[in-house]
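Student: I would like to go through this structure with you. Can we take its pocket and its helix packing in turn?

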Amino acid sequence: MTSMIGLPRDAEDMACALAEARSALATGDVPVGAVVIGPDGGIVGRGHNQREATGDPTAHAEVLALRDASERLGRWRLDDCTLVVTLEPCLMCAGATVLARVPRLVLGAWDPKAGACGSQWDVVRDRRLNHRVEVIGGVREAECGELLREFFAEHRADPGRPAD
C-alpha cells in the first residue's frame, strides 16, 4: 500500500467526493463518491455508486465519474486529470483508471477486502501494463471510513435491505 500525505488541495477535493458519496445514500447504494479533477484544478467529472438505483453492476462511482469527465472533455484519455475517490477502487475501477490513462489517484479509505490499488491487488501500478498511476492514500481516511461503517451498520440492522 501507499500511504502518503497528499497536497492540501487533495483534502478539499475529497470533500467534494464525500458529498457525492452521501448522494448515494438516497437510493440505498453503498456511499462511495468520486470526482475527476481536470488540468485547471476544477471538477470535470462526478459520480457516486448507483448500482441499486440503476440495476447496473458497473455503476460504480469511479466509472461514472470517468465517463462524465470523458464526455465533458470530449476525449477518453484523461492523462492530465486526477481521480479522487472515497474508497480504494475495486478491480474493475482500477482497470478503468489505468485504461483512461489517469496519472494520479487520491483515495480516502483503504479497502482491505477488495481494494485493487495496493490492498489486495495493485492493478494501477502493475509493471505488465502500459500505464501506471501514482496513488495517494489515506486522504480524509477517518471521515471516508466512518461513512461506510455507518452505512453497513444500518445495513446489517435492516435485513430487508438488498445485499451489496
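The questions below cover a predicted model.

Student: What volume does the largest pocket have?
Tutor: The model is predicted, and the value is computed from it. The largest pocket has a volume of about 620 Å³.

Student: Which residues lie nearest the centre of the largest pocket?
Tutor: The lining of this pocket counts 22 residues. Five of them are named as nearest the centre: V30, L87, D111, L148 and F152.

Student: Which helix gives the largest share of that lining?
Tutor: The share in question is five residues. They come from the helix spanning residues 141-157, which is α5.

Student: How are α3 and α4 oriented to each other?
Tutor: Helix α3 covers residues 61-73 and helix α4 residues 91-99. Their axes lie 8 Å apart, at an angle of about 25°. Angles under 35 degrees count as roughly parallel. Therefore α3 is, relative to α4, roughly parallel.

Student: Which residues of α4 does α3 meet?
Tutor: The α3 side consists of E62, V63 and L66. By class, this contact has five nonpolar, one polar and one charged residues. On the α4 side are M92, C93, A96 and T97.

Student: What hand does the crossing of α3 and α4 have?
Tutor: Handedness is a separate item from the angle. For α3 and α4, the crossing is left-handed.

Student: How many charged residues sit in the contact of α1 with α5?
Tutor: The axes of α1 (residues 8-24) and α5 come within 11 Å and cross at roughly 5°. From α1 come M14, L18, A21 and R22, and from α5 come E143, C144 and L147. Five residues of this contact are nonpolar and none is polar. The charged ones number two.

Terms used:
Residues numbered from 1 in each chain as written. Predicted model: local features only at pLDDT ≥ 70, side-chain atom pairs only at ≥ 80, totals over all residues. Heavy atoms only, no water. 1 Å grid on protein atoms, 1.4 Å probe; cavity = no way out; pocket = protein on both sides within 12 Å on 5 of 7 lines; lining within 4 Å. Points joined across faces, edges and corners; volume = space filled by probe spheres on them. Helix = DSSP H or I, 4+ residues; strand = E, 2+ residues; numbered from the N terminus. Axes fitted to C-alpha atoms, helices over the stretch in contact; angles between N-to-C directions. Parallel < 35°, antiparallel > 145°, perpendicular 65-115°, else oblique. Left-handed = near helix turned anticlockwise from the far one by under 90°. Contact = heavy atoms within 4.5 Å. Nonpolar A, V, L, I, M, F, W, Y, C, P; charged D, E, K, R; others polar.
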